[in-house]
Amino acid sequence: MDLDAYVAEHSHEWRRLELFCDRRRLDVDEIDEMIVLYQRTATHLSALRSRAPDPALVSRLSQLVLRARARITGRQRASWSAVGRFLTVGFPGAVYRAWPWWCAVATGFSLLSGFLIWYVAGNPDTAAAFIGPDAAADLVDSGFAGYYTEFAAPTFAFHLWTHNAWIAAQCLAAGVLVVPVLYLLWQNALNIGVVGGVMVSYGRSDVFFGLITPHGLLELTGVFVAAGVGLRTAWAWISPPEHLGRGRAVAEAGRSAILVAVGLVGLFAVSALLEAFVTPAPVPVALRVAVGAAVWLGFFTYVVLLGRRAVAAERAPAERTDPWLAELWPSTDPARAWHPTSRPPR
């Protein structure tokens, strides 16, 4: 390849592309031309790398191609508006789409925990087999209530936050395997069943439910959501939709799980604050329960109202350019709704 001749032949196209990259606004015809120049310059760069790898020229064209690609595709910058769209569209929409799964998990978990509490309360020997008679007596006397005041509230809140977030992460990451999720749910149901059964059998059901309810409503809901979304991912592998392959179905379910994982970090932070500061607060039990119930109802309302609206908007033809991007960053700007290899809307 004659490098000088090649540069002389195509340098005017590179300069033209640089001009488009520097302009703040482009009309439709200029966008069309820029796409063509971008594709040609990428081809020129590939040819130069393979036939005449001049370092300075290759570096210049590499930077030019990157600038043009960023200008054509658009760059998402971190901003408060992006955070707002995630909180009002991405997270609630992902949770709402999976509501049959996490509602089923919540129902099954509640029935199992209730059965275990009833069974252990009616069979004290069962509790002794699990934790021993001395531990059961200590749990009733001070162990259960003392758990919430053993550590300083900020330290306790941070520990709870990381612990619950880790459980949710395990449910989401191992959801496709099914068994790990069911095992984690069983462990939590067994713990609640045994502790609750011991407290009820000793006539301390008011203490048990008075302490577990303020934070448990929101905390367990977060676990149910994580488990439900994880199992939904497994079902995408087991029985993918007819219009999607198995790999594509799992990938889309996994993207939704990522949204849920990020959102649950905030949910567990709130539940940790409730457990560390509200649950052990020296106020009437009714007030503590009312605070926890109000926060839980607020989250439920948030998911139903905003999630339903997000799902409805995603199904609208105008918003269905890319379901993954639409649920994170819905855009009404037509210039951001086309791919660099296609013609922009006129």
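Modeller: The chain has 13 helices and zero strands, where helices (H or I, at least four residues) and strands (E, at least two) are DSSP runs numbered from the N terminus. This is a predicted model, in which local features need pLDDT of at least 70 and side-chain atom pairs count only at pLDDT 80 or more, while totals for chains, interfaces and linings use all residues. Residues are numbered from 1 along each chain as its sequence is written, and side-chain values use heavy atoms, with hydrogens and water left out.

Biologist: Why is Phe-109 called buried?

Modeller: Buried means under 20% relative accessible area, with exposed over 50% and partly exposed in between (1.4 Å probe, protein chains only); Phe-109 has 8% relative accessibility and therefore counts as buried. Phe-109 belongs to helix α5, which covers residues 99–122. Across the chain, buried residues make up 40% of the 346 residues.

Biologist: What does Phe-109 touch, leaving aside its neighbours within four places in sequence?

Modeller: Contact means heavy atoms within 4.5 Å, and on that basis Phe-109 is in contact with Leu-185, Asn-188, Ala-189, Ile-192, Leu-220 and Phe-224, once neighbours within four places in sequence are set aside. Phe-109 and Trp-186, 77 residues apart in sequence, are 8.1 Å apart in space from C-alpha to C-alpha.

Biologist: What makes a group of residues a nonpolar core?

Modeller: The term is for a set of buried Ala, Val, Leu, Ile, Met, Phe, Trp, Tyr and Cys residues joined through side-chain atoms within 4.5 Å. The largest such core has 58 residues, of which Phe-144, Phe-208 and Leu-264 touch the most other members. The largest share of this core, twelve residues, comes from α10. Not counting residues up to four places away in sequence, Phe-208 touches Ile-117, Phe-144, Ile-192, Val-195, Gly-196 and Met-199. A second, separate core of 21 residues includes Tyr-6, Cys-21, Leu-57 and Ala-68.

Biologist: How do α4 and α5 pack, and which residues meet?

Modeller: Their axes are 5 Å apart, at an angle of about 65°, where axes are lines fitted to C-alpha atoms, for helices over the stretch in contact, and angles run from 0 to 180 degrees between N-to-C directions. From α4, Val-95, Tyr-96 and Arg-97 meet Trp-99, Pro-100 and Trp-102 of α5.
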